[in-house]
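Please look through the sequence and the model below before reading on.

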Amino acid sequence: MAVTLCGVWMPNPTLSGNVLPSQIKPSSTALAATPPLVSSSTIQIVGGKSHGQYVNGNTNRTFEDTSEESLWTNLDADLYRWTKTLRPIQWYPGHIAKTEKEIKEQLNLMDVVIEVRDARIPLSTSHPQMESWLGNRKRILVLNREDMISTEDRNAWATYYAMQGIKVVFSNGQLGMGSMKLGRLAKALASGVNVKRRAKGLLPRPVRAGIVGYPNVGKSSLINRLLKRRMCPAAPRPGVTRELKWVHFGRDLELLDSPGIIPMRISDQSAAIKLAICDDIGERSYDVADVAAILVQMLMKIPSVGPKVLYNRYKIDSDGICGNIFVHKLAVQLFNGDTHQAAFRILTDFRKGKFGWIALERPPR
């Protein structure tokens, strides 16, 4: 169902000046209201580069910081408004319900849980029930695809979680960056398991780590990089892994690869759109043209992209036009009027970093 999304380049009249959180509709940032992954058993290692200007938190906030915060707040509000006119995105294949049940059964066997999220959309790939499932179990938060976001984005998220007492492992499952650090951390977290076993006169056993997260966030790729061989099926699309599988990493670590899990019903459609843009949800659940049109509108508002980057890529002037019209123009120019092919090209270009490496979310303040 194609919907014309026009007039989106004008400032939102309800969001001029300094915006208060109570003045906007809930959006992806509302996901931050879910309980944070803070517990006495949570340890985090910060990967990537140094924090730069973010190290001191709010103590050195500048005018640029405030302006950027306002920009992302406005973008969240606009995204909420754009998605109101679209058919809701829902995707819950039968194997996911089976996976949830099996993961809950396997939790008692896990010494540590590794939750993997997409670094481009860490909030939207946070399962709202994950906290209640894991309870006080030791866990590691991994932001995968760190190579697909900017250093500024990475620093912002590192600081956000550090301020909550949560440190994060940044990784690149395709190249293996962060995978060995993740393996060492999992063993270190669960080292007390064998101490207790020895005290009881039992022989030591391998540490068991379960890897969980949304579809297509890179869980299987991380395992394959850790093992340095292809033990788990992996492909750049959601729904490839269909069953739980324990694999051995040396003599002292066992990893549980699991299919992606996603809520039965996605109430936050702003988050659903981002899942579609980042290919973290099944393609049959959404209209490609609608999602591409919203992506164009988002890119227009992100300073690191804007009209110039879109023009350099497609030679189409996007300034002042809505995303739906842009998709139609690209279809006429390159695909004989086929809007589906044009929309798919825009989404593929974003997923391959043709517009630059950018995140679609920034930490809420």
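In which loop does Asn336 lie? In this predicted model, Asn336 belongs to the loop between helix 11 and helix 12, and its backbone has a positive phi of about 50 degrees although the residue is not a glycine. Most residues other than glycine have a negative phi. With a relative accessibility of 81%, Asn336 counts as exposed, because the cut-off for that class is over 50%.

Two packed helices are described by the angle between their axes and the distance between the axes. For helix 11 (residues 323-334) and helix 12 (residues 339-351), the angle is about 105 degrees and the axes are 8 Å apart, which makes helix 11 roughly perpendicular to helix 12. On the side of helix 11, the residues that take part in the contact are Phe326, Val327, His328, Leu330, Ala331 and Leu334, and in helix 12 they meet Thr339, Ala342, Ala343, Arg345 and Ile346. Sorted by class, this contact of helix 11 with helix 12 has 8 nonpolar, 2 polar and 1 charged residues.

A positive phi also occurs at Asn216, where the value is about 60 degrees although this residue, too, is not a glycine. Asn216 is found in the loop between strand 4 (207-213) and helix 7 (219-227). Is Asn216 buried or exposed? Its relative accessible area is 13%, and because buried means under 20%, Asn216 counts as buried, whereas Asn336 is exposed.

Turning to the chain as a whole, its secondary structure comes to 12 helices and 6 strands. Of the 365 residues in the chain, 54% are buried, and the accessible surface comes to about 16800 Å², with 53% of that area belonging to carbon and sulfur atoms. Among the contacts with a separation of 6 or more, 77% are made by residues 24 or more positions apart.

Another salt bridge joins the side chains of Glu146 and Arg154, at 3.6 Å, N to O. Glu146 is buried, with a relative accessible area of 7%, and Arg154, at 7% relative accessibility, counts as buried as well.

Which parts of the chain does the pair of Glu361 and Lys274 tie together? The side chains of Glu361 and Lys274 meet in a salt bridge of 3.3 Å, N to O. Glu361 lies in the segment after helix 12 and Lys274 in helix 8 (residues 269-277), so the pair ties together parts that are 87 residues apart in sequence. Glu361 counts as buried at 2% relative accessibility, and Lys274 counts as buried at 0%.

Methods: Residues are numbered from 1 along each chain as its sequence is written. This is a predicted model: local features need pLDDT of at least 70, side-chain atom pairs count only at pLDDT 80 or more; totals for chains, interfaces and linings use all residues. Side-chain values use heavy atoms; hydrogens and water are left out. Axes are lines fitted to C-alpha atoms, for helices over the stretch in contact, and angles run from 0 to 180 degrees between N-to-C directions. Helices (H or I, at least four residues) and strands (E, at least two) are DSSP runs, numbered from the N terminus. Angles under 35 degrees count as roughly parallel, over 145 as roughly antiparallel, 65 to 115 as roughly perpendicular and the rest as oblique. Contact means heavy atoms within 4.5 Å. Ala, Val, Leu, Ile, Met, Phe, Trp, Tyr, Cys and Pro count as nonpolar, Asp, Glu, Lys and Arg as charged, and the others, Gly among them, as polar. Buried means under 20% relative accessible area, exposed over 50%, partly exposed in between (1.4 Å probe, protein chains only). Accessible areas come from the Shrake-Rupley method with a 1.4 Å probe; for residues, only the protein chains shown count as cover. A salt bridge is a side-chain nitrogen of Lys or Arg within 4 Å of a carboxyl oxygen of Asp or Glu.
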